[in-house]
Amino acid sequence: MINYIRTDYAEIYLENGILIFNYFNIPNFDLKAAKKIVDDRISLQKEKAYPILCDMSAINYPNIEAKKYLAFEGSLLIKAVAYIVAMDIPNHLLDFFIEINPPRVPTKIFYQRDKAIEYLQHYK
């Protein structure tokens with residue numbers, strides 16, 4: 001089974017039962033990008049659900065259409081999501097990121113990778 005892919009948007013791989021996304025800088029994180037990211041993720045998963053860690057510290061955040069798609073249609077085969085964001089992102093923006101279109105799966109935002117991994121261990 002292939003457990004690593006590199007795309008225009010991210011490197012995606014399985015590590016200890018958690019699907020890891022290390023996003024690249026995406027200047028135009030629109031609906032087209034969101035659909036491609038979800039398609040790539042689902043092809044790697046081979047019909048198996050995983051908890052997912054998304055390191056978003058290097059990217060521009062999705063526009064509203066992309067955010068809605070990721071929160072709903074993009075939640076297929078996901079047990080839980082932990083987002084890692086840059087330390088300079090204000091808390092009110094983080095709250096907005098999740099509250100504007102609440103995801104269908106348990107979701108939390110972290111500044112530290114080890115805390116995100118610890119959170120996702122409960123969903124393996």
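Biologist: Is Lys 46 buried or exposed?
Modeller: Lys 46 has a relative accessible area of 54%. Exposed means over 50%, so Lys 46 counts as exposed. Bear in mind that this is a predicted model.

Biologist: Where does Lys 46 lie?
Modeller: In the loop between helix 1 (31-45) and strand 4 (50-55).

Biologist: What about the phi of Lys 46?
Modeller: The phi of Lys 46 is positive, about 50°, although Lys 46 is not a glycine. Most residues other than glycine have a negative phi.

Biologist: Is Asn 16 buried or exposed?
Modeller: Exposed, at a relative accessible area of 62%.

Biologist: Changing topic. How many helices and strands does the protein have?
Modeller: Four helices and six strands. Starting at the N terminus, the order is β-β-β-α-β-α-β-α-β-α.

Biologist: How much of the protein is buried?
Modeller: 44% of its 124 residues count as buried. The accessible surface of the protein is about 6900 Å², and carbon and sulfur atoms make up 52% of that surface.

Biologist: And the contacts, what share joins residues at least 24 apart?
Modeller: 75%, taken among contacts between residues at least 6 apart in sequence.

Terms used:
Residues are numbered from 1 along each chain as its sequence is written. This is a predicted model: local features need pLDDT of at least 70, side-chain atom pairs count only at pLDDT 80 or more; totals for chains, interfaces and linings use all residues. Side-chain values use heavy atoms; hydrogens and water are left out. Helices (H or I, at least four residues) and strands (E, at least two) are DSSP runs, numbered from the N terminus. Buried means under 20% relative accessible area, exposed over 50%, partly exposed in between (1.4 Å probe, protein chains only). Contact means heavy atoms within 4.5 Å. Accessible areas come from the Shrake-Rupley method with a 1.4 Å probe; for residues, only the protein chains shown count as cover.
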